Amino acid sequence: MADCCSGGVKLLYSCSGAADVGEIADQVSRKLSDMGFARLTCLAGVGADLSGFVESARGADVNITIDGCGTMCAKKALERVGVSATSYVLTDFGIEKGKTPFTEKIVAELSDRIMGQDAQKSEAKTSGCLCS
């Protein structure tokens, strides 16, 4: 029962690709981390197969990836080391690769949407929780 009520370790991995959506994904991830949504960690460390980063991902209660586009490099980097993740793809939220310049407004809107969707997913998972 305690598992359904504790926050646990929640790690966040971001695409930081060369396209505009990569920059936006990076900034959304940083904003979410600053807001306490999850702890931002190094996707490049996982991609380089550095043991500390890989083991942290494997040991986390929740891993979240934010990818700029449908290529989903962040998600695939975690899957390559045997780690599943909750995945958010920014182009699924209606931004267009190569046509969406970075703005603080877009970052705020996407951060809010991701937090809202995550809250709905968490609520669905814990709807039977008897902790309160």
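## Helix α5 on the sheet

Helix α5 (residues 73-80) lies across β1, β3 and β4. α5 runs at about 145 degrees to β3. Axes are lines fitted to C-alpha atoms, for helices over the stretch in contact (heavy atoms within 4.5 Å). Angles run from 0 to 180 degrees between N-to-C directions. Helices (H or I, at least four residues) and strands (E, at least two) are DSSP runs, numbered from the N terminus.

## Basis

The model is predicted: local features need pLDDT of at least 70, side-chain atom pairs count only at pLDDT 80 or more, and totals for chains, interfaces and linings use all residues. Residues are numbered from 1 along each chain as its sequence is written, and side-chain values use heavy atoms, with hydrogens and water left out.

## The sheet

Four strands form an open sheet, ordered β2-β1-β3-β4, with parallel pairing. Two strands pair if DSSP finds at least two bridges between them. β2 and β4 (86-89) are the edge strands, each pairing on one side only.

## Strand β1

β1 pairs with β3 (residues 62-67) over 5 parallel bridges. There, Leu 12 has Ile 64 as bridge partner, and Tyr 13 has Thr 65. With β2 (residues 39-40), β1 forms 2 parallel bridges. Leu 12 stands opposite Leu 40 in β2.

## The crossover

From β1 the chain passes through helix α2 (residues 20-34) to β2, a right-handed β-α-β crossover. Right-handed means that, with the strands pointing away from the viewer, the path from the first strand over the helix to the second runs clockwise. α2 lies across β1, β2 and β3, at about 160 degrees to β1.
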